[in-house]
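Morning, everyone. Let me put the model up, and then we'll walk through it.

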Amino acid sequence: MNRTLKLLALFGAAAAVGHVGLVLATPHVLMRAAMNKLGGPDKAVNAFLFGPRTTQNSRGVVRPSPDLAYSTCVYDLSNGPVRISAAPSPEQGYVSLSVFAANTDNIAVFDTTRQPQGIVFVLARDGQKTPPGVTVVISPSDRGIVLDRRLAPNAERFAAADAARRADRCAPL
């Protein structure tokens, strides 16, 4: 009986450690895979990549909306802060920027409802020098993803959103 209890306790401890390890590791593993996929074939970093119009076969973003034009920037702050800017879309088309850390946490959201003239901010690690007078988002990780979503419900609006997003920037200071 004593041996059975010890084995059950050992199994329970191993299961608990394995569960905690899995829960802690999974977001980082998934985000690393997403950054590798979204960085494109050249593994672009600190530059926006512009996705094609969404179809029923699109899966660059999980469950993409056919009404949106997507752009992504895989950022790397290991060499210093990165300046992010997104031009407004014509005809007051809605633009939203979301910033994700390496563990999938959404650390910032901006949109043209609050910033109709365009979105500008600096993404940095705590302690990195940033310019005065600009919004600064502190990232808990060196790497992550900025996701730009623009309202583009039809081919004409997609073309306009696509032209506007070509002015987006994600570049080191």
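Buried, for this talk, means under 20% relative accessible area, exposed means over 50%, and partly exposed is in between, with a 1.4 Å probe and protein chains only. By that rule Phe110 and Phe121 are both buried.

Some ground rules. This is a predicted model, where local features need pLDDT of at least 70 and side-chain atom pairs count only at pLDDT 80 or more, while totals for chains, interfaces and linings use all residues. Residues are numbered from 1 along each chain as its sequence is written, and side-chain values use heavy atoms, with hydrogens and water left out.

Back to the two rings. Rings of Phe, Tyr and Trp (its six-membered ring) pair if their centres lie within 6.5 Å; planes under 30 degrees apart count as stacked, over 60 as edge-to-face, the rest as tilted. The whole structure gives 1 aromatic pair. Phe110 and Phe121 form it, stacked, at 4.4 Å centre to centre with 15 degrees between the planes. Phe110 sits in strand β5 and Phe121 in strand β6, 11 residues apart. Strands here are DSSP runs (E, at least two residues), numbered from the N terminus.

Now the sheet. Two strands pair if DSSP finds at least two bridges between them. In what order do the 5 strands of the open sheet run? The order is β1-β2-β8-β4-β5, with antiparallel pairing. The edge strands are β1 (48-50) and β5, each pairing on one side only.

β4 (residues 95-101) and β5 (residues 106-111) pair antiparallel over 5 bridges. Ser96 is opposite Asp111, and Ser98 is opposite Val109. The hairpin has 4 residues between the strands, and Thr104 takes a positive phi near 80 degrees.

Next, the core. A nonpolar core is a set of buried Ala, Val, Leu, Ile, Met, Phe, Trp, Tyr and Cys residues joined through side-chain atoms within 4.5 Å. The largest one has 18 residues; Ile84, Leu97, Phe121, Leu123 and Val146 touch the most other members. Contact means heavy atoms within 4.5 Å. Leaving aside neighbours within four places in sequence, the contacts of Ile84 include Leu97, Phe121, Val146 and Cys170.

That brings us to the disulfide, a pair of cysteine sulfur atoms within 2.5 Å. The count is 1. Cys73 and Cys170 form it, sulfurs 1.9 Å apart. Cys73 lies in β2 and Cys170 in β9 (residues 169-172), so the pair ties together parts 97 residues apart in sequence. The link of Cys73 and Cys170 is left-handed, at -45 degrees about the S-S bond. Cys73 is buried at 0%, and Cys170 is buried at 3% relative accessibility.
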